[in-house]
Structure formats: C-alpha cells, structure tokens
Amino acid sequence: MDKTRRGSPPRGRDRYRINHRIRAREVRLIGPEGDQVGIVPIQEALKLADHHNLDLVEVAPNATPPVCRLMDYGKFRYEQSKKEREARKHQKQVELKEVRLRPKTDTHDLQVKAKQARKFLLSGDKVKFTLRFRGREMAHTNIGREMLDQIAESLRDIAVIEQKPTLESRAFSLVLAPNAKTLKSAQQEKREKIRQDKQESKGSAAPRTEPEAKPGDDDHAPDEEELDEGDEIDDDEGDEDEDDEDEDEDDEDDEDEDEDDDKK
C-alpha cells in the first residue's frame, strides 16, 4: 500500500507529519490501542503501520525522539474537525462595535450613547468610542478627553478600559471591553429569565377545566317564577276536578229522581 497517498490530505491542511513525511530516523512508537511499543527505527514503524493497515502519525514532533502513533488518519481528522465545529457552536465571536461622538454632543445624547454601549458590552462585544474634531475644534481637545473619561466612568461597573483615550490625527479613541465577571452574571440572569418565561408560557397555555357539577346542585331546579306558575296551574286543575265532582253528584241526583217517578 502506498503510504504517501493513504490518509494524506493536501499539504496546506497538514497538521501532523504522517508516514514517509516523518523525517526522524527513530521514533517512540505507540500502538493502535495506546500501548507503548518503545523506540524503534522509522522503517520498522512504517512496516508495523503497513501490517496493521494504519497510518504512522507524528503526534509530538518536539519530543526526543518524536512520538508517533499508529492510527487511521482519515478517521482521526474527521473526529478532530467534528470537535472543532462543536466548540465553535458554543463560542461567541467577539465583535468591535463603534460609537461615534462629536465635541458638541450634549449630555442627554451622551447618556443615550452610553446606554447603547452598555447593551453591546452586556452582549459580550467590545466598544470603541471615536470622537472626531473638525476645524478649530482641535484647539479644545481637552473637551473630548473629558467626555471619554465621563463615559468610561459611567460604564465602569460592567467594562474595563482596554485602550485609554488616544489622539490619532483628528480623533480621540477609547476602547472598552466587557468585565468577565459581570458578563458571566449577566448571561446567567438572562438564561434564568428565559427559563422563567418559558415556564410561565407553558402554565398559561394549559387548558382550563370547569368544575364538575355535584349531584346536589340545582342545575335543573325551576326558578321561583316557574314554581309560582306551576302552583297556579295546579290550583286551577284542582278547581276543575272539584267542579267535575259536583257535576257528577248533580247527575246522580237527577237519575234518582227519575227512578222515583217511574215507580209512581
């Protein structure tokens, strides 16, 4: 098997010397399972790599002799790149935000700029304040320095000065970086707030259940008006029954009189 070709990425991407690119005459060899083989000549190490169908990778070139290991270099590079991608996902790229000022910026606008910079700093970014002078304003550079000192003092609780106010050509510049401890606590508070908001949203989204009706509830009981009407109807029906009874008695009396007449 061609060891110069097997598992060899383009030269520009090489981080390790492998196989015939290793220049040492002898190496301290580590087996494929991590076992210590010992110091062996490079040719013997290459033969062992060929025997196991693996690559000979120089993992510690500065050691004496260099440390080499038998491994599948392609698989090793894949796992390394995968770990690097996972690490980049959890890393935030620090950006340098710029806030521009003028010597004539009033106090209110200066507070607004400082508030904007505070948001950048709490997000983990650095902030560069640039105060530019025009024309005769260069005669009053002390005003610009005082403004930058005022901003640095107002953000002292969350930031540290990375670059003191420096005059470059016609502009003063100040660079602030977020305080590591303050940034960490702010991020924890932000995560805690997000977690609480999620819990509240889940609680509000839960369906509301109406209380079950008990057997003794008067769900089907008639109202007072219905009861009154029912009573009147019952009374009328009672009167009608009494009238019918009276009529029946009168009919019986008439029949008795007719029978007496017939006997006579």
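## Helix H2

Helix H2 comprises 17 residues (residues 73-89), which at 1.5 Å a residue should span 24 Å; the distance of 25 Å between its end C-alpha atoms agrees. The expected span is 1.5 Å times one less than the number of residues, and helices are DSSP runs (H or I, at least four residues), strands likewise (E, at least two), numbered from the N terminus. The structure is a predicted model, in which local features need pLDDT of at least 70 and side-chain atom pairs count only at pLDDT 80 or more, while totals for chains, interfaces and linings use all residues. Residues are numbered from 1 along each chain as its sequence is written, and side-chain values use heavy atoms, without hydrogens and water.

## Faces of the helix

Tyr73, Phe76, Arg77 and Ser81 are the buried residues of H2 (under 20% relative accessible area; exposed is over 50%, partly exposed in between; 1.4 Å probe, protein chains only). Seen down the helix axis, these residues fall within an arc of 130°, taken from the directions from the axis to the C-beta atoms, and therefore line one face of H2. They pack against strands E3 (55-60) and E4 (67-71), with contact meaning heavy atoms within 4.5 Å. Lys75, Tyr78, Lys83 and Lys89 are exposed on the other side.

## Aromatic cluster

Tyr16, Tyr73 and Phe76 form one aromatic cluster; rings of Phe, Tyr and Trp (its six-membered ring) pair if their centres lie within 6.5 Å, with planes under 30 degrees apart stacked, over 60 edge-to-face and the rest tilted. Tyrosine 73 counts as buried at 1% relative accessibility.
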